[in-house]
Amino acid sequence: MVKFIESELQLLKNEIDEMWTLVYNQLDRAGEAVLTFDKELAHQVIVRERRVNAFELKIDSDIEDIIALYNPVGIDLRFVLAMLKINSNLERLGDFAEGIVRFVINSQEPVLDAELLQKLHLETMISEVLSMLEITKRALNEESIELANSVFAIDNKIDEINAGVTFILAEYIKEHSDAMLLCLNLVSVFRKLERAGDHITNIAEEIIFFIDAKVLKHSGKTDENYPK
């Protein structure tokens, strides 16, 4: 039984890894589509979102099978629960990627003001979100609490960028009243990127949840005598 469940857990981890790559590519393409106003690339993200949704359902089903067939306990159960929550958060990131490109598809403007984008630090924000997603993936693969913890500081940077967006756009609208609708819709892009950062911190917390328990198991400690 132990060999069987170990094999199933490794297959589950491989699926989560594949889902991670799929979602990372979606966010990467979504970011590029916004920065370049590439509507064709935006449509590609919309189409591929179906794959993200389908894969999330498959992973959920596989997790249900593991619980039903193998009744995992202890560290194995914590791993399965962590993968369940990570899968859900990854699917939400896919939703954000789709929402971001819809801004591009629904906009009539051929390009965004390059100077405005620079003031808003949109490219930096996109880069930081992708960096967080990459680091959390490494944290899980390397079982590194340090890496998982490092994303919280990056999320703070994303929050700071998002906090300044409203004022910058308000000042821009004063001089470009015809761009009011565009600016209002652009706020939603930043909001989705900020929420993406929140969901990646959720993923980091789940990784810490799993790794902490594993470290405790090998050190002979229990949750009861582990400091809060």
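This briefing covers helix α2 and the two loops on either side of it. The model is a predicted one. Helix α2 runs over residues 39-70. F37 sits in the loop between α1 (2-36) and α2, and N71 sits in the loop between α2 and α3 (74-106).

**The helix α2**

- The end C-alpha atoms of α2 are 47 Å apart, which agrees with the 46 Å that its 32 residues should span at 1.5 Å a residue.
- D38 caps the N-terminal end of α2, with a side-chain oxygen 3.1 Å from the backbone nitrogen of E40.

**Buried residues in α2**

- The buried residues of α2 include L41, A42, V45, I46, E49 and V52.
- Further along the numbering, F55, E56, I59, D62, I63 and I66 are also buried.
- In an α-helix, residues three or four places apart point the same way, because there are 3.6 residues a turn.

- F37 is not a glycine, yet has a positive phi of about 55°.
- F37 is buried because its relative accessible area is 7%, and buried means under 20%.

- N71, like F37, is not a glycine.
- N71 counts as exposed because its relative accessibility is 56%, and the cut-off for exposed is over 50%.

Conventions: Residues are numbered from 1 along each chain as its sequence is written. This is a predicted model: local features need pLDDT of at least 70, side-chain atom pairs count only at pLDDT 80 or more; totals for chains, interfaces and linings use all residues. Side-chain values use heavy atoms; hydrogens and water are left out. Helices (H or I, at least four residues) and strands (E, at least two) are DSSP runs, numbered from the N terminus. Buried means under 20% relative accessible area, exposed over 50%, partly exposed in between (1.4 Å probe, protein chains only). The expected span of a helix is 1.5 Å times one less than its number of residues. A polar contact is a pair of N or O atoms within 3.5 Å; within protein, one must be able to donate a hydrogen and the other to accept it, and residues adjacent in sequence count only if both atoms are side-chain atoms.
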